[in-house]
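Dear colleague,

Please find below the structure that I was asked to pass on to you. My notes on it follow.

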Amino acid sequence: MATRWGICSAGKISHDFTVALKSLPPEDHQVVAVAARKLDDAQSFAKRHDIAHAHGSYEELSRDPNVVVYIGVIHPYHLKACLLFANAKKHVLCEKPLAMNTKEVREILAAAKRNNVFLMEVKTWQSGLDSFFPASVEIRRLLAQGEIGEVKVVRSEFGAPLSTVPRAMQKELGGGALLDIGIYCLQFTNMVFNGEKPESIHAEGFLFDTGVDQSVVVTLKYSKNRMAVVTCSNVVQLESDAIVGGTKGFIKVPAHMWCPTSLNVNGKETEYPVPEPYLPINFLLSTGMRYEAEEVRQCLLKGLKESAIMSHADSLLLAEMEDEIRRQLGVVAVKDRREKAVEPMAFHGTRTTRMVLV
């Protein structure tokens, strides 16, 4: 029986995810419904993608029977959407970041557990035996088999000129380089170190006038004299590559490290192409989202409520790291729409405070 998908939001990323799903066998994956805040938007999306049901609210989608929901709304609304669908007993695949902070992530995870539903956050870099980007599958294999010896240094960067894009600039839209693109670098680091918590985090950077981070450099120290350096920026184009240095060699991921299609291992390069889209897409190589959709299907077939490769613990660690980095930068959270404002942290341009994660 096919996994029946319901798409929450009719935006650009939802378009790309739907295109990616159409690259999978129809007997395994079917898109059967879409919901938007306006019925006209949902109907237009449904017509373009040949989807049977269009809903004019997310609440209507939550009542649609037997659908697995993909959440593609903007960052600040992930919490509300996840709670809506989890409480409606729907399995959920949510775009990154799962939520705006650790508190919200814990609330979402608790709701999924309470309702006994599957929940997974999108993380391109995580990989299973036959799921997610093939290049990341190969990286995990190389690391597990010790092909480059003991990993000592990880470096990753992602930079793009996004200062004219509202969702990247406005705090109310979940803006900031870290949550938008730096998250991929943190995901990469966590994958390489297999979900290990860093012993310390040190972050430096600059903020836009809107109060969100524009350029950030993060140093993470791990046990056994290992470290990672992450750089992200919303104002300049960077090479956007990554490298893993070990005692016996290196693995280099060339440009567009967040959706890898090639690897250089000790000087030998190998290509890992992804399928071509049947419609124009908005984001680079986003047909690769087919791999995370297949991971969801395989987990559901096994009766799992989370992916062993893309676990709830991974999402929680990532949120903790993001919170600490933004705290050190002086990013003040927006007002919690249901409770009180989060207490701001004073900004010090040369802050050297380090966080010990326990």
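**Aromatic pairs and a helix contact**

Trp258 is buried, with a relative accessible area of 17%. Please note that the model is a predicted one.

The structure contains five aromatic pairs. In one of them, the ring centres of Phe158 and Tyr184 are 5.9 Å apart and the planes stand at 45°, so this pair is tilted. Phe158 belongs to strand β7 (residues 151–159) and Tyr184 to helix α8 (residues 177–192), so the pair ties together parts that are 26 residues apart in sequence. Phe158 and Tyr184 are both buried.

Phe158 also pairs with Trp258: the ring centres are 4.0 Å apart and the planes are at 10°, so this pair is stacked. Trp258 is in the loop between β12 (249–253) and β13 (262–265), and Phe158 is in strand β7, so the pair ties together parts that are 100 residues apart in sequence. The relative accessible area of Phe158 is 7%. Elsewhere, ring pairs join Trp5, Phe17 and Tyr70 into a cluster.

Helix α4 (residues 78–87) packs against helix α5 (residues 102–115) at an angle of about 10°, and their axes are 9 Å apart. The two helices, α4 and α5, are therefore roughly parallel to each other. Among the residues making the contact are Leu79 and Leu83 of α4 and Ile108 and Ala111 of α5. By class, the contact of α4 with α5 has seven nonpolar, three polar and three charged residues.

Finally, an unreviewed UniProt entry places the feature "domain: GFO/IDH/MocA-like oxidoreductase" at residues 138–251. Over residues 138–251, the chain is 24% helix and 38% strand.

Yours sincerely

Conventions
Residues numbered from 1 in each chain as written. Predicted model: local features only at pLDDT ≥ 70, side-chain atom pairs only at ≥ 80, totals over all residues. Heavy atoms only, no water. UniProt positions renumbered as here; feature names shortened; annotations may be inferred. Helix = DSSP H or I, 4+ residues; strand = E, 2+ residues; numbered from the N terminus. Axes fitted to C-alpha atoms, helices over the stretch in contact; angles between N-to-C directions. Parallel < 35°, antiparallel > 145°, perpendicular 65-115°, else oblique. Contact = heavy atoms within 4.5 Å. Nonpolar A, V, L, I, M, F, W, Y, C, P; charged D, E, K, R; others polar. Phe/Tyr/Trp six-rings, centres within 6.5 Å; stacked < 30°, edge-to-face > 60°. Buried < 20%, exposed > 50% of the residue type's maximum accessible area, 1.4 Å probe, protein only.
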